[in-house]
Amino acid sequence: MVQLIVTPETALADEPICIRATGLNPFQVVTFTASLTDEKGKLFQSRAFYKANEAGNVDLDQAAALGGDYVGVHPMGLFWSLKPVNPFRRLLKQDVMNSPFYIQLDIFDSLLLEDSPKIHPKASQMIERWFSGPGLQRIPVRNGRVRGAFFLPPGEGPFPGVIDLFGGIGGLIEFRASLLASHGFGVLALAYFAYEDLPRSLLEVDLEYFEEAANMLLHHPQIQRSGIGVISVCKGAEIGLAMAIHLEQVAATICINGTNAVHETPCKYRDLVISPIPHQKEYTQIHVSGALNFRRIKGDPRDEVNQQSVLPVEKARGHILFIVGEKDECLNSKAYAEQAMEQLKSHGRSNGTLLSYPGAGHLIEPPYSPLCFASWNPFLSRPFLWGGDIRSHAAAQEHSWREIQKFLRCHLAPSRSKL
Amino acid sequence: MAQIIVHPKTALVDVPLQIRVTGLLPSQLIMLQASLTDERGELFQSQVFYKADENGEVDLEHAGALGGDYVGIHPMGLFWSMKPKKMLSRLLKRDVINSPFLVHLSVYDITKPFSSSPDSLMASETVERWYSTPGVQRIQLKEGRVRGALFLPPGDGPFPGVIDLFGGIGGLVEFRASLLASHGFATLALAYFAYDDLPKNLDVIDIEYFEEAADILLRHPKVFGTHPLVSAFLSSPLLLSIGMAMATFLKQVAATVCINGVFLAEQVVIKYRNEKFFSFSQHLERLRINELGLLAFYSAVGNPQEEANKHGLLPVERAEGHILFIVGEKDYSVNSKIHAEQVMEQLRRHGKNNATLLSYPGAGHLIEPPYSPLCVASMNPFIPRPVLWGGETIPHAEAQEHSWKEILKFLRHHLTPTSISKL
């Protein structure tokens, strides 16, 4: 009798699981599939073809996939290779507290390229992938101008405080904040436009808004007083870097695939106004899939005319971790991070670290998140290209998530004498 | 006032155009767009950004595109970079005699590209792209078992004869045959399955069917009768290179063009008189799905160098005519380069040197006549998921231009009466 053994069946979304099939015929070719329906009813699927060993077993920790959505030994491959059945949809958990993603794992005793109502799996297992751990609290934030959601771990604390910023799609994205909080951080997922009564579009970045959020976080009774961290991606990372430079409340900043200058929208803090490098949309390229590649529309911070837009990263007091996907098709994040590191070095500063991942794309997310290569964007008529080679991207997500937590724990430890 | 000046406005699809935009402001940023609606009502479009020079002109012979569907100087880029609005559609002209593709060229002043607000149209022009020249005749063929369409060049002839074969989509694809006829070849677009009363599926390929077709062609009063002809074709995954099989077994074949072919009888039996070839190797578990959910077959297709495939290999050393292999190195449906190199090696081992290999880096599977849009993936009626053909837009376009010239040169060289009598 064919059995599919999965442990654990319920886990945090960033935890690996063990998948084994037994009771097959020796050397039989089988298909493993994973299926998930998101909160909008859209189906995501993955499949891989394996050959059972002489005992009729397949253990995904040891067996190599021969084909399908990935090849080689990848115990979590079925998760990070999930693809939308309708292309260009992005998998994004909205409700991070009350429900998990339910993923159905199936094993078929033949090569199955596509689902068929006539062919049934030999064994199935439903598993739960949660974006919040037990005891985690979610507190909606409407304090002064600040809008977002605050995630507090169970227990007394005090916990290191972190602000989580996403990028140019706006709104409020919570899944990374809730996962990070499940690892012992007090995390504020902060919205800054296209959310509730915040501006509909981003016309300027007012650092005093982010300072308000930072102070609010620091003053929470269960948050450490010594300084906060920031985790930020894309446009959020541009803002995160500006925060690291201008806000003394920030002790540690993680910039994922961001820039080292102000682009498109002016950035202001009190009476300082940094004018942006304008986007040059005529350099947009169209990928073979029809998706838009914006990688070349941002000007070069090294150009003479753009100098006033470059962020003075040497003025940041805390530590900065730059995380870069070298196959980022949204922007040339490697070049920007290298320029920032160079600028630190030339000013005798050593508070920056660069983690550069060959093959990783723009959307570097927590481990086992499926690679989103391109997706629809509410502001554009065509899908938007993010880039990434699927296998290297998955490896980058696993490695960087560990590094992110290590970095935050190291630089937000209460014992550190503060700024 | 802005104007688009195009020359010639009516031409064969493989003829390049001169396109110029005038009457702009110096350094004005514009978007050039080409659109075409195919016979099924599907829209294909390309969009490219240019900057006018100090005279307010954009001459596609000299101006480099800044962005859009291609960058750099590519006078015909608007044509080969067109993409379907409905993904996975393939541009394929069905009626090759009575109507052209109408391509609308437009210039827009750009303020916010790709946003939902419409840009302002400044000028437009329409060109006709034909798959046959005036005087090319199309004759439906239904003789014996043979089904297809014969395209005759204008004039009395006699003309060199060519058989044109397409791959695993079945039916009858005529556009390349009509183009070849427009270049002076009497071309038989030959169907062999899923057409008229032919078998719906392909389990057995009987080379005698193709021999019948070759004899019918050679008997035609307007075709050079004394000797052979060529088969030109495009192979497809899971299907044997039939043209190669014809070259191997049929004396009638003087010259063969094989585009991205497979030379292993896999999943299908090939027979000629009392000989049979079949390989048992099947590796569908090696099928790969790419980041956009498209199916890449190349690692699932049998490797001709493996021992297990020995009895599926065609005895190509028996081919008496000349062979031109055309290979796209970014073909994701078959590992065509390995197959072509294997055949070249087999010929060399038997002391033959009647083959040439043209290998194009960056080109995909569907190498078609020049300026055809790159079709990187499409639905195949026999396969449940979209098939990835592969190819990088610019190198693929260059490969199409270069290979078409080479194909015409090759056919002319090996099918003139003097070269034929040398066989």
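Before anything else, I note that this is a predicted model.

**Entry 1**

I began with an open sheet of 3 strands in chain A, ordered 15-18-19, with mixed pairing. Which strands stand at the edges? Strand 15 (205–206) and strand 19 (272–274) of chain A do; each has a single partner strand, so one side of each is left without a neighbour in the sheet.

Next I checked how strand 18 (residues 267–269) of chain A meets strand 19 of chain A: the two run antiparallel and are joined by 3 bridges. For one residue I looked up the partner by name, and Lys268(A) bridges to Val273(A) in strand 19 of chain A.

**Entry 2: around that sheet, positive phi**

I stayed in this part of chain A and looked at the loops. Arg270(A) sits in the loop between strand 18 and strand 19 of chain A, and its phi is positive, about 55°, although it is not a glycine.

Glu264(A) is another non-glycine residue with a positive phi, near 65°. I located Glu264(A) in the loop between strand 17 (250–256) and strand 18 of chain A.

**Entry 3: strand 9 of chain B**

Over to chain B. I followed strand 9 (residues 101–109) of chain B and found it antiparallel to strand 4 (residues 29–37) of chain B, with 7 bridges joining them. On that side, Leu105(B) of strand 9 stands opposite Ala34(B).

Strand 9 of chain B also pairs with strand 10 (residues 120–130) of chain B, again in the antiparallel sense, over 9 bridges. There I noted Asp109(B) standing opposite Ser120(B) in strand 10 of chain B. A reminder to myself: strands of a sheet pair through backbone hydrogen bonds, either parallel or antiparallel.

**Entry 4: cis peptide bonds**

In chain A, the bond joining Thr7(A) and Pro8(A) is cis, with omega about -5°. Pro8(A) lies in the loop between strand 1 (3–7) and strand 2 (10–12) of chain A.

In chain B, the peptide bond from His7(B) to Pro8(B) is cis, with omega near -5°. I placed Pro8(B) in the loop between strand 1 (3–7) and strand 2 (10–12) of chain B.

**Entry 5: where A meets B**

Last stop, the interface. I get 30 residues of chain A in contact with 30 residues of chain B. How much area do chain A and chain B bury between them? The value is about 2800 Å², 66% of it on carbon and sulfur atoms. Leu113(A), Glu282(A) and Val288(A) supply 23% of the area that chain A buries against chain B, more than any other three residues.

I then asked which elements give two or more residues to the side of chain A that touches chain B. They are strand 5 (43–51), strand 7 (67–68) and strand 20 (285–286) of chain A. By class, I count 15 nonpolar, 8 polar and 7 charged residues on that side of chain A.

How many salt bridges does the rule find across the interface of chain A and chain B? It finds 0. Polar contacts do turn up, with 9 residue pairs between chain A and chain B, both residues at pLDDT 80 or more.

Notes:
Residues numbered from 1 in each chain as written. Chains lettered and ligands numbered in written order. Predicted model: local features only at pLDDT ≥ 70, side-chain atom pairs only at ≥ 80, totals over all residues. Heavy atoms only, no water. Pairing = 2+ DSSP bridges. Helix = DSSP H or I, 4+ residues; strand = E, 2+ residues; numbered from the N terminus. Contact = heavy atoms within 4.5 Å. Buried area = accessible area lost by both parts, 1.4 Å probe. Salt bridge = Lys/Arg side-chain N within 4 Å of Asp/Glu carboxyl O. Polar contact = N/O pair within 3.5 Å; in protein donor to acceptor, adjacent residues only side chain to side chain. Nonpolar A, V, L, I, M, F, W, Y, C, P; charged D, E, K, R; others polar.
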